[in-house]
Amino acid sequence: MSLPQTFGASHVFALYDTASFVTLQSDGISKKPALDVEVMDETGRVITDRLDDERIETSLSGVLKTAAVIPEVGARLTYNAVSYIIKGVSNDGTNNGFRKVTLTLVKYQEIA
Amino acid sequence: MPPPTIYGIRTIAEQSLKAWFDLNAGMLPGVQIHAGQTDDIRSVPIVILHAETALAHPDLGAFSQGNFELTVKLYVYSSADDSTLAQHRERVENVQAIMQDVSGLQSAWVAGELYSAWVVSDDEGVADRRYGNVLSYTLVAVYPPAP
């Protein structure tokens with residue numbers, strides 16, 4: 001009979017970075033190509049696929065700090081060493097909780 | 001180097017509530033106001049202000065940064081030998097009225113900031129010739145910022 005195994009496997013925990021105007025609660029980072037060209041053979045099966053023009057679409061959500069300035073749409077924001085363009089800002093509140101701000105960010109491959 | 005300032009949110013809440021009720025003592029004539037688990041000698045009629053629970057605010061996830069959601073219980077007791085039920089209920093209504101002035105309570109807050117306060121429940125009971133109500137409130141507050 002084998003002995004009990006009590007080893008652990010380490011995982012990545014929590015967020016990659018912070019944002020100054022909120023106490024960050026969550027992030028979501030999605031990468032996909034804007035260009036996805038498929039070439040099919042005579043029977044419709046894909047035999048060539050070209051992926052290009054990578055987009056990184058990220059959303060950040062956090063609790064708004066007192067006296068903080070919410071970034072504007074079109075401004076730049078760096079998160080986890082990537083400089084994004086802010087494409088959307090939502091500012092949501094309830095009558096029994098803190099205000100939450102969510103930013104929608106995009107990084108284009110050819111825009112530094 | 002001076003020692004660091006250490007805060008306790010339940011102590012802040014009880015001291016603030018006590019200060020606010022003391023300011024409004026005229027609405028509760030003859031009623032003792034006690035804060036927390038006091039060892040003072042108690043007599044009825046009495047209002048006990050007890051910050052029962054302080055939870056790190058769930059909106060802030062793993063790092064609450066001094067923000068708390070408190071469950072505060074206000075106990076209102078009257079003796080059936082000295083007071084009628086109508087008098088007891090009037091005291092309860094006055095306690096609710098004092099708590100309803102959230103901006104006043106915010107101004108009486110002794111350290112940090114009170115964001116808001118709202119009533120959750122009002123339970124009434126009778127035992128040993130005492131009328132008793134437990135009013136439950138939710139308070140959301142934060143410690144003072146670092147110096």
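From the N terminus, the elements of chain B follow the order α-β-β-β-α-α-β-β. The model is predicted.

Q: How many helices and how many strands does the secondary structure of chain B come to?
A: The elements of chain B run α-β-β-β-α-α-β-β from the N terminus on. Counted by kind, they come to three helices and five strands.

Q: What radius of gyration does chain B have, and what would a compact globule have?
A: Along its principal axes, the C-alpha trace of chain B spans about 55 × 35 × 25 Å. For 147 residues, a compact globule would have a radius of gyration near 15 Å, and the value for chain B agrees with this: 16 Å.

Q: Which elements of chain B do the buried residues of α2(B) pack against?
A: Helix α2 of chain B covers residues 85-100 and reaches 22 Å from its first C-alpha to its last, close to the 22 Å expected at 1.5 Å a residue. Its buried residues are B:H88, B:R91, B:V92, B:V95, B:I98 and B:M99. They pack against α1 (9-23), β2 (46-56), β3 (67-79), β4 (113-127) and β5 (130-142) of chain B.

Q: What arc around the axis of α2(B) do its buried residues cover?
A: The buried residues of α2(B) are B:H88, B:R91, B:V92, B:V95, B:I98 and B:M99. They lie on the same side of the helix, because the arc they cover is only 120 degrees.

Q: Which residues are exposed on the other side of α2(B)?
A: An α-helix has 3.6 residues a turn, so residues three or four places apart point the same way. In α2(B), the buried set includes B:R91 and B:V95. On the other side of this helix, the exposed residues are B:A86, B:Q87, B:A97 and B:Q100.

Q: Is B:V31 buried, partly exposed or exposed?
A: B:V31 sits in the loop between α1 and β1 (32-35) of chain B. Leaving out residues up to four places away in sequence, B:V31 touches B:P45, B:I46, B:V47 and B:R91. A residue needs 20 or more C-beta neighbours within 10 Å to be buried. B:V31 has 18 inside 10 Å, so its class is partly exposed.

Q: Which peptide bond is cis, with omega near 0 degrees?
A: B:P45, one of the residues that B:V31 touches, is in the loop between β1 and β2 of chain B. The cis bond runs to this proline from B:V44.

Q: What radius of gyration does chain A have?
A: Chain A has zero helices and five strands. For its 112 residues the globule rule gives 13 Å, and chain A is well over that value, so it is more spread out than a compact globule; its radius of gyration is 21 Å.

Q: Which residue in β5(A) is the bridge partner of A:G62?
A: β2(A) is joined by nine bridges to strand β5 (residues 100-108) of chain A, and the two run antiparallel. Within this pairing, the partner of A:G62 is A:V101.

Q: How many nonpolar, polar and charged residues has the side of chain A that touches chain B?
A: Six residues from chain A and six residues from chain B take part in the contact. By class, the chain A side has three nonpolar, three polar and no charged residues.

Conventions
Residues numbered from 1 in each chain as written. Chains lettered and ligands numbered in written order. Predicted model: local features only at pLDDT ≥ 70, side-chain atom pairs only at ≥ 80, totals over all residues. Helix = DSSP H or I, 4+ residues; strand = E, 2+ residues; numbered from the N terminus. Rg over C-alpha atoms; globule rule 2.2 N^0.38 Å. Expected span 1.5 Å × (residues − 1). Buried ≥ 20, exposed ≤ 12 C-beta atoms within 10 Å, placed from the backbone. Arc of directions from axis to C-beta. Contact = placed C-beta atoms within 7 Å. Nonpolar A, V, L, I, M, F, W, Y, C, P; charged D, E, K, R; others polar. Pairing = 2+ DSSP bridges.
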